Amino acid sequence: MNICSPLSMLSFINLATQPPVVIGSFPISLPGVIAMMSAFFVGSLVVSKLSVRAGVPSILGVLLLGMYTDVDLVRQFLTPQIIEVLHSSSLSLLLFYAGLNTNFSQLKGLFRFSVMLAIGGVVVSSLAFAFSIWLISMACHFFFPVIPLLPVSVCFLTAACIGSTDAGATANVLMSVSDLVPERVKRVIEFESSLNDPAAILFLSASVGLFVAMQSPELKPAIVLAKELQVFLRSVGSGIMCGLILSYISQFFLHKVLINRNQILVLGMSIAMAAFGFTTLIGGSGFVAAFVTGVFLSNNIYSSPHITPELMEDSLQPFNTMMELVVFLLFGLLFDPKYVSFYWLPGLLVALALMLLVRPFSVLVFKAISPLSNRETALICWCGLRGAVPLALTYTVGVELPEVTGLSGDSLETIKAYVQTLVFVVVILNLSIQGFTLPHFCRWLGFSAATPD
């Protein structure tokens, strides 16, 4: 139906003026929902400015805003279907934008190390981090039996959520130290954070398939693993193929359909949503397709001087920022802060292990092929920032936990709350500590605005 037709406008007016529907003990109507959304977005801008003044990443303030907005009306309005739509659309746009940020031409002399750090680093850090979470979980349960023991499968899934750096958080923090970080270090960090997101999603998907297969002991493990591997490869392969096909179709629209550059935003969002939607419909990985489409559009050479990858990136940046705000707000609204008082100790230990042990280890493993100096490598070790994508993947883990662990009832809810708290504490401490200390760390290493590459 055409939204501009008289019939659709009349329907919209009727919906907006009809008596409010009561949810729980609160009345809610369409104007109320719209007013509530505007209040959240304006509040996000206010806390972002306050966070920057305090010297911490702005997205950290948005997360705290959602967490301390204890509105039962909002939580009752967020049905599982709405949450799923918000997560999927946000992640697809974030990954498409991450693909647009992945510029291979800027990695001369750094390509091999950057790719190994981005892909191999996810695997190394996730495995090391899973082992760290398991050890910390055992230690906390031994000394404080009230803290539950996390199953090995949950440790792996939690590590897969936060084992990769986040493009949005990294870009947000690098802006505050852009004059201190050498250009080639900045390029490596940005490339790693962009490619990390789809790599983390694939690692999480593979981990879920592995542990789901292990929940079927009556079947032959080799057959179950082979079947899960087949599903995984088919999903990834179809995601890559759909991404390539849509990138070529998108180039046609860019050259033949666009009237002016102001329409790039509309086309870019359509491409990202189409990559996710159509690929998912045929059983492929929509997130991989969205990222691949962005990568090929970013690294293509266009005949028109008015169409450039930089223009597409700049046009979509506002919506990328909005999607990050949605993810942080959503996690904050769905997370109950009372669990922090129960699981703050394992969360603190896990966050310290990530920053001080796992992240440096995942970088130093590839030091032999790195052209960077020891100072530059140390700076990369301290730039492993986590943000929107780990929080969004936590929802995916919560959905998969019953099938992965075989738990149900109160035991399942306890493990879910434990995992959410771990991810929350890690992101909070990671953004606040590393985000606040990064300028001082750069100066301590001897970098300044006049430092050459």
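Helices (H or I, at least four residues) and strands (E, at least two) are DSSP runs, numbered from the N terminus. The exercises below use a predicted model.

**Exercise 1. The chain as a whole**

Task: State how many helices and strands the chain has, what share of its residues is buried, and what share of its contacts with a separation of 6 or more joins residues 24 or more positions apart.

Solution: 
- Step 1. Take the elements. The chain has 17 helices and two strands.
- Step 2. Take burial. Of the 453 residues, 51% are buried.
- Step 3. Take the contacts with a separation of 6 or more. Residues 24 or more positions apart supply 83% of them.

**Exercise 2. Helix 16 and helix 17**

Task: Work out how helix 16 and helix 17 are oriented to each other, and which residues meet.

Solution: 
- Step 1. Locate the helices. Helix 16 covers residues 388–405, and helix 17 covers residues 409–444.
- Step 2. Read the geometry. Their axes come within 10 Å and cross at roughly 165°.
- Step 3. Apply the cut-off. Angles over 145 degrees count as roughly antiparallel. Helix 16 and helix 17 are therefore roughly antiparallel to each other.
- Step 4. The crossing of the two helices is right-handed.
- Step 5. List the contact residues. Helix 16 brings Pro390, Leu391, Thr394, Val397, Gly398, Leu401 and Pro402. Helix 17 brings Leu412, Ile415, Lys416, Val419, Gln420, Val423 and Val427.
- Step 6. Sort them by type. Ten are nonpolar, three are polar and one is charged.

**Exercise 3. Ser238**

Task: Decide whether Ser238 is buried or exposed, and find what its side chain reaches.

Solution: 
- Step 1. Ser238 sits in helix 10, residues 221–256.
- Step 2. Compare with the cut-off. Buried means under 20% relative accessible area. Ser238 has 19%, so Ser238 is buried.
- Step 3. Follow the side chain. The Ser238 side chain reaches the backbone oxygen of Arg234 at 2.7 Å.
- Step 4. Look beyond four places in sequence. There Ser238 touches Thr279, Gly283, Gly284 and Ser285.

**Exercise 4. Leu345**

Task: Classify the exposure of Leu345, then name the residues that Leu345 touches beyond four places in sequence.

Solution: 
- Step 1. Leu345 belongs to helix 14, residues 340–364.
- Step 2. Use the limits. Partly exposed lies between under 20% for buried and over 50% for exposed. Leu345 has a relative accessible area of 22%, so Leu345 is partly exposed.
- Step 3. Leu345 and Ile136 are 209 residues apart in sequence, with 9.5 Å from C-alpha to C-alpha.
- Step 4. Name the contacts. Beyond four places in sequence, Leu345 touches Cys140 and Phe144.

Notes: Residues are numbered from 1 along each chain as its sequence is written. This is a predicted model: local features need pLDDT of at least 70, side-chain atom pairs count only at pLDDT 80 or more; totals for chains, interfaces and linings use all residues. Side-chain values use heavy atoms; hydrogens and water are left out. Axes are lines fitted to C-alpha atoms, for helices over the stretch in contact, and angles run from 0 to 180 degrees between N-to-C directions. Angles under 35 degrees count as roughly parallel, over 145 as roughly antiparallel, 65 to 115 as roughly perpendicular and the rest as oblique. A crossing is left-handed if the near helix is turned anticlockwise from the far one by less than a right angle, and right-handed if clockwise. Contact means heavy atoms within 4.5 Å. Ala, Val, Leu, Ile, Met, Phe, Trp, Tyr, Cys and Pro count as nonpolar, Asp, Glu, Lys and Arg as charged, and the others, Gly among them, as polar. Buried means under 20% relative accessible area, exposed over 50%, partly exposed in between (1.4 Å probe, protein chains only). A polar contact is a pair of N or O atoms within 3.5 Å; within protein, one must be able to donate a hydrogen and the other to accept it, and residues adjacent in sequence count only if both atoms are side-chain atoms.
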